[in-house]
Amino acid sequence: MHVPDGFVSPQLTVPAWAVSAPLWAWAARRHFGHSAAESLPVVGALTALAFVVQTIMVPLPGGTSTHLLGVTLLALLRGPLVAFVCESLVLAVQALFFGAGGFTVLGVNALAMGLLGPLAGWLVHLALRRLSRRAAAFLAAWVAVQVSTLAVALVLGLQHRLSATYFPAPLPVTLAAMMVPSLAVTGPAEGLYTLFALAILRRADVREAS
């Protein structure tokens, strides 16, 4: 799902950085101060877990692959802004040391995978959890993956309209290539992973954010 360096022009990467940078600063000041010291070990462990699950590639027909995000779990437990900061750190490490994604597109990837998706999942969970906590968690994770994938696809489609030199595939092709596996494979897998992880964490008395 990561957008690599060179796929998106500065026309999009610069505004994405301009939006992301103040959000990172605000979220870090709001959620990672002295008052949050007790929750930092759990947040750190969940961030490391998100990093690990994003490195596990699930092969798909056609020679491509997909992977879990694991970041909805952070959003449900600690809120979408915490998830945004933590996923941004994961993306930065992946870009700098593992060649996944890229530094120039960090703002684009962070907004899509770290903010929009987890925020949508958190809102779904907030709306449905009184009906069924398990269904709410599964749907939250599934929706989060779809929103993140759609955001990345739309950025790439917009880039094609701005300059096909950076990204030659038109939006319909990009949407089909990204959304079909997201809807059928990645979303359900993320939902099951989130359910499983939440069940374990509840036994350890780690609860969802109110």
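Helices (H or I, at least four residues) and strands (E, at least two) are DSSP runs, numbered from the N terminus.

Before you go on, a word on the model: it is predicted, local features need pLDDT of at least 70, side-chain atom pairs count only at pLDDT 80 or more, and totals for chains, interfaces and linings use all residues. Residues are numbered from 1 along each chain as its sequence is written, and side-chain values use heavy atoms, with hydrogens and water left out.

**Stop 1: H3**

Colour Val-71, Thr-72, Leu-73, Leu-74, Ala-75, Leu-76 and Leu-77, the buried residues of H3. Because seven of its eight residues are buried, H3 is largely enclosed by the rest of the structure.

**Stop 2: Leu-73 and the core**

Now pick Leu-73. Leaving aside neighbours within four places in sequence, Leu-73 is in contact with Leu-46, Tyr-193, Thr-194, Ala-197, Leu-198 and Leu-201. Leu-73 also belongs to the largest nonpolar core, which has 47 residues; Val-3, Leu-73, Leu-74 and Leu-156 have the most contacts inside it. Such a core is a set of buried Ala, Val, Leu, Ile, Met, Phe, Trp, Tyr and Cys residues joined through side-chain atoms within 4.5 Å.

**Stop 3: Thr-66**

Move to strand S2 and select Thr-66. With 13% relative accessibility, Thr-66 counts as buried. Show its side chain together with that of Thr-186: the two make a polar contact at 2.5 Å (a pair of N or O atoms within 3.5 Å; within protein, one must be able to donate a hydrogen and the other to accept it, and residues adjacent in sequence count only if both atoms are side-chain atoms). Beyond four places in sequence, Thr-66 touches Ile-56, Met-57, Val-58, Leu-60, Val-185 and Thr-186.

**Stop 4: the lining of the largest pocket**

Which residues lie nearest the centre of the largest pocket? Select Met-1, His-2, Thr-64, Ser-65 and Met-178, among the 30 residues that line it. A pocket is an open set of points on a 1 Å grid over the protein atoms alone where a 1.4 Å probe fits, with protein on both sides within 12 Å along at least five of seven lines; lining residues have an atom within 4 Å of a point. Finish on H7, which gives the most to this lining, with seven residues.

Key
Buried means under 20% relative accessible area, exposed over 50%, partly exposed in between (1.4 Å probe, protein chains only). Contact means heavy atoms within 4.5 Å.
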